[in-house]
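This briefing is meant to be read beside the sequence and the 3D view. Please keep both open while going through the points.

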Amino acid sequence: MNRVLNELQPQLIWEYFEDICQVPRPSKKEEQIIAFLESWAAKHKLDFKKDEIGNVLISKAATSGFENRKKVILQSHLDMVCEKHSHVEHNFETDAIKPQIIDGWVKASGTTLGADCGIGMAASMAVLTDENLKHGPIEALFTVDEETGLTGAFNLQPGFIDGEILLNLDSEDEGELFIGCAGGVDTLASFPYNKVPVEAGLFALEIKIAGLLGGHSGDDINKGRGNANQILVRFLFKMLQKYGIKLAHIDGGNLRNAIAREASAVILVQSNLKEQMVAEFNIFKSEIEDEIGIVEKNLKLQIASVELPESYIEEATSHHLLEALSVCPHGVYRMSLSMPGMVETSTNLASVKVGEKEIVVTTSQRSDKESRKEEISNIVATVFKMAGASVKHTDGYPGWSPNVDSEILKITESTYKTCFGKTPLVRSIHAGLECGLFLSKYPHLDMVSFGPTIKDAHSPDEKIQIEAVEKFWTHLAAVLEATPEK
């Protein structure tokens, strides 16, 4: 392997992170990274165990003089979001991630980097092997399928871990400590459809929306970023009303927890309307660029003639689909009253996919209040039910209610101030963390979440700040040394 991160500090974290980048680890397909950890634990003579669902626990005894400290669980997840630019050739099930250093940051080449949560994994591994640290007994918990279903956390069984303090290493803002998170649920709508043969006199046009920032549907939902699905549907619905277009195909977004970066559709129009349609699109393009161009500097809206398809989606279904998508909410629904500047409730119009017999729309809702999560998910469901779709909700996951009197929070705050001479920001996060599920199974746990700065997670622009990783490691070492006695 040609190493590119070996000069970065702290060397041990970056060495392990680059090792992790070599191992494919898509959500629900973590077999290779589990095998890697098992082999690594054996090499370092560390206790290793795995549960039925695939969660891994690696343990290390306390350093001399720290045997009477409370046991600490370092927690991260094994899987990564697999997103890439459409022009990039990359198979996430077989290919290594290629990290590169750019202007003080590490990022990948056209794909997600997997710093979420690979850097948390690397930090745990560094703690397990660094003989210079001072700490009590350590358990490093690596969970499966955090990104698409929280499967590992949902299926964590009583007795698998026995620590009293849990440090979640899955946060993405250095200098901020998280003591709460949003809960979430997905709402899926299905439209069965029939194919209609294309008749004479029609012309095919393909509309493409690309170049958007995308990003995490929790952390980035309030940043004014465009949603490719919304932009595409806005044009299609206008053309449906004005010209009665026919919809042959539509595809947008990929992941439930990512803001859609790209979307496309093939539409059919009467041949004599082709030039008119292109003119309408150019006007629409200017409007969108004026609306969000200040944020979406690489936005691309394209229209082009394509080969006439053999069929299109029956009009009743395509009309109902576009009507529902045009009014489906996306973005911030409510801001928090208790934490000014924080998003309380949001919804993400994540993806639209056409199968052989049905069209599936995936949305996700988040809130730190269960009642609001239920409210917004029911609003989204009603939109699609009124359009004739069949709708279902996933089981969802609970939020994590803040505990401002937490002992480990006070230690984490004070050590940060000692290390860096300033007080960290303590807040809740709108993204989902596994902590709420851990607390439901292990109610005694005292928890806090922190990590280095990661930008544009869940998108191919994901990057991690090199300087923040060094500060994160310094702080983590100080917290472990300061953990309380039993």
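The notes below cover basis, cores, helices, sheets and backbone details.

This is a predicted model, in which local features need pLDDT of at least 70, side-chain atom pairs count only at pLDDT 80 or more, and totals for chains, interfaces and linings use all residues. Residues are numbered from 1 along each chain as its sequence is written, and side-chain values use heavy atoms, with hydrogens and water left out.

**Terms for elements and burial**

- Helices (H or I, at least four residues) and strands (E, at least two) are DSSP runs, numbered from the N terminus.
- Buried means under 20% relative accessible area, exposed means over 50%, and partly exposed lies in between (1.4 Å probe, protein chains only).

**Nonpolar cores**

- A nonpolar core is a set of buried Ala, Val, Leu, Ile, Met, Phe, Trp, Tyr and Cys residues joined through side-chain atoms within 4.5 Å.
- In soluble globular proteins, nonpolar side chains tend to be buried together.
- The largest nonpolar core has 61 residues, and W14, L167 and L476 touch the most other members.
- Helix α3 (residues 115-129) gives the most to this core, with nine residues.
- Contact means heavy atoms within 4.5 Å. Leaving aside neighbours within four places in sequence, L476 is in contact with L74, A123, V127, L167, L169 and F450.
- A second, separate core has 48 residues, including A228, I250, V383 and F384.

- The expected span of a helix is 1.5 Å times one less than its number of residues.
- Helix α7 (residues 315-327) has 13 residues and should span 18 Å, and its end C-alpha atoms are 18 Å apart, which agrees.
- T317, S318, L321, L322, A324 and L325 are buried in α7. Seen down the axis of α7, its buried residues fall within an arc of 165 degrees, so they line one face of the helix. The arc is that of the directions from the helix axis to the C-beta atoms.
- Helix α11 (residues 466-482) has 17 residues and should span 24 Å at 1.5 Å a residue; its end C-alpha atoms are 25 Å apart, which agrees.
- In α11, 12 of the 17 residues are buried, so this helix is largely enclosed by the rest of the structure. Among them are F472, W473, H475 and L476.

- Two strands pair if DSSP finds at least two bridges between them.
- Four strands form an open sheet in the order β4-β5-β23-β22, with antiparallel pairing. The edge strands, β4 (100-102) and β22 (454-455), each pair on one side only.
- Three bridges join strand β5 (residues 105-107) to strand β23 (residues 463-465) in the antiparallel sense. K107 stands opposite K463 in β23.
- Helix α11 packs on the sheet, touching β4, β5 and β23, and its direction makes about 60 degrees with that of β23. Axes are lines fitted to C-alpha atoms, for helices over the stretch in contact, and angles run from 0 to 180 degrees between N-to-C directions.

**Other strand pairs**

- Strand β1 (residues 47-50) and β2 pair in the antiparallel sense over four bridges, with K49 opposite L57 in β2.
- The hairpin of β1 and β2 has five residues between the strands, and G54 in the turn has a positive phi of about 115 degrees.
- Four of the five residues of strand β2 (residues 56-60) are buried, so this strand is largely enclosed by the rest of the structure.
- Strand β2 also pairs with β6 in the antiparallel sense over five bridges, where I58 stands opposite A140.
- Strand β7 (residues 165-168) runs parallel to β21, joined by four bridges, and L167 has V448 as its bridge partner in β21.
- Both faces of strand β21 (residues 446-449) are covered: D446 and V448 on one side and M447 and S449 on the other are all buried.

**Backbone details**

- A cis peptide bond joins Q9 and P10, with omega about 0 degrees; P10 is in the segment before α1 (11-21).
- Another cis peptide bond joins D116 and C117, with omega about 5 degrees, and C117 is in helix α3.
- K28 has a positive phi near 70 degrees without being glycine. K28 counts as exposed, at 52% relative accessibility.
- D456 has a positive phi of about 60 degrees although it is not a glycine. D456 lies in the loop between β22 and β23 and counts as buried at 15% relative accessibility.
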